[in-house]
Amino acid sequence: FIFIPILIYVFFKANKKQKSFFFVYGALILVLAFGFKLGDLAVYRMDEGWAHYLDYNEKRAFLTDYGWPDYYNNTQKFEELGISIVDYENFLTWDFGDRDLFDLETLEALIEIKSGEETSGLLSRFFMAFIPGFLKYTFAGFLFLAIAYLMVHGDGKRKYIGICTIIMFLMVELILVYRGRYLLYRMDISATLALVVICFYLAATEKAYIYTKRSDWLFLAATCIMALVVSKDVVSDIMENRQMVENNSEINQLLRADDSNLYMVSTSSGGVCVTNIWEAVAEGDYANIFRLGGWLTESPIFHEQMEKEGIENLYSAMIREENVYCVDKTNYGYKLAYLRENYDANVDMILVKNIHGTLIWKAVTEDLQVDLNNYADGTQILEYDTSISIQEDEIQVEGTVYEPDTDSFKQKVYVVICDGVTGEQKAYYATQIVNEAIGDKTNGRYGAFYTQIDGGYTGEEQIYILLENENGYYYIECE
């Protein structure tokens, strides 16, 4: 769209032979592109499951990519669909994989609500929200530099084409604001770089390459300064992304290897992926990890694995199945509220593992029950080191416990408080964390733990650390 003015400009400058070339090969490219697309869709629609998925995903994308209808302006319509504000806020996190509530019929109804919303205030959103937000991009300076360079070096006709291109750029961004897709880095940078390239192309007359004027050197210096500013941020982003990739690679390997458990992964967990959107789904990628939302929801792959695991609903499985966990970095509060409203008012979410900020939760509806008689003395088997702090209103327990040559990520750690007078036992989940001093998961890398237990204590309580792993159940009596 942005290239339309310059294509028209190039076309009218071309001779008759070049115009013929332009028409023939341009038409061929369009025919091939649309032909391959239509053929691809036809193949998928030959299968009933994939046909359903295409319909679902198209409507899902309309809402998640271009914005939901406003809940407060359409409260009655949402309530008629059975969608509360709790449901709405959870869906906004992209975790829409509850097939009992977020089905195809609901999508269609939501799209109808959205299509009826007024578009008044579009220009105010463009000038009040988009433009200040766009100016915060580090690459915005390059755009203004390129426009200024064109205005100085371009001839009259080229400046006119440049102005038309700038107008097309603004129209594209206005459309994005209208569709609810504005201020998205991956979209804004592509449109901006297209305009930058066009501006420099239009300014690239013969004299533009001869730096004889002071203005030429000022433009060159400004370009270098802008490049340094942007490169600083780019290098910083690269370093952060590299660390995130390393952490995500580690957690992905751990989750996939723990195939006795199932993990329901929130979209907010970033790189904890089932599969990359740009790659074909490899066999086993959906083995024990399910996205609570995302581009494969309602696909035949999604349904096939759910049937294999005997799961009817991803959300209810977190409560009803003992071996199902929720992975969520930032939006676990929304998950808890959603579970309480739709499945069990008494449910709570306990943090059982924290791996470099990736949080793994266990949904529970009752107190943890353990019987010490089922646990063997692990004093001679386990490696452990514990620290206990007892105050009047809480007990803090932390340390390390693991069995050598076993997978410390797969183990479960509990803390049991035994009343010194009545003998009553209460069990609590402990949160496992990474021991950065150890690089091997079979020698305790994930054996570090901590827990904080509120209540009134006398200091006479007996405290036990319980460990469950692939070899058995063990306890350590803390001194």
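**Notebook: aromatic pairs and the open sheet**

I began with Phe11, which is buried at a relative accessible area of 17%, where buried means under 20%, exposed over 50% and partly exposed in between, with a 1.4 Å probe and protein chains only. The model is a predicted one, in which local features need pLDDT of at least 70 and side-chain atom pairs count only at pLDDT 80 or more, while totals for chains, interfaces and linings use all residues. Residues are numbered from 1 along each chain as its sequence is written, and side-chain values use heavy atoms, with hydrogens and water left out.

I placed Phe11 in helix H1 (residues 4–13); helices (H or I, at least four residues) and strands (E, at least two) are DSSP runs numbered from the N terminus. Leaving aside neighbours within four places in sequence, I found Phe11 in contact with Lys19, Phe22 and Phe23, contact being heavy atoms within 4.5 Å.

**Aromatic pairs**

Phe21 is exposed at a relative accessible area of 52%, whereas Tyr25 is partly exposed at 45%.

I then looked up Tyr315 and Tyr338, whose ring centres are 4.7 Å apart and whose planes stand at 55 degrees, so this pair is also tilted. Tyr315 lies in helix H13 (residues 314–320) and Tyr338 in helix H14 (residues 332–342), 23 residues apart, so that the pair links distant parts of the chain. Tyr315 is buried, with a relative accessible area of 0%, and Tyr338 counts as buried at 0% as well.

**Charges over rings**

I noted that the charged end of Lys353 sits over the ring of Phe409, 5.2 Å from its centre, the criterion being NZ of Lys or CZ of Arg within 6 Å of the ring centre and within 35 degrees of the ring normal. Lys362 lies over the face of Tyr325, at 5.6 Å from the ring centre.

**The sheet**

I traced an open sheet of nine strands in the order S2-S1-S3-S5-S4-S11-S12-S8-S7, with mixed pairing; two strands pair if DSSP finds at least two bridges between them. Its edge strands, each pairing on one side only, are strand S2 (289–291) and strand S7 (383–390). Within this sheet, neighbouring strands are turned by 25 degrees against each other on average, direction ignored. Strand S11 (residues 431–433) and strand S12 (residues 448–454) pair in the antiparallel sense over three bridges, and Ile433 stands opposite Ala448 in S12.

Helix H14 lies across strand S4 (348–355) and strand S5 (358–364), running at about 150 degrees to S4; axes are lines fitted to C-alpha atoms, for helices over the stretch in contact, and angles run from 0 to 180 degrees between N-to-C directions.

**Chain totals**

I recorded 14 helices and 14 strands for the protein chain, and 43% of its 479 residues count as buried.

Terms used: Rings of Phe, Tyr and Trp (its six-membered ring) pair if their centres lie within 6.5 Å; planes under 30 degrees apart count as stacked, over 60 as edge-to-face and the rest as tilted.
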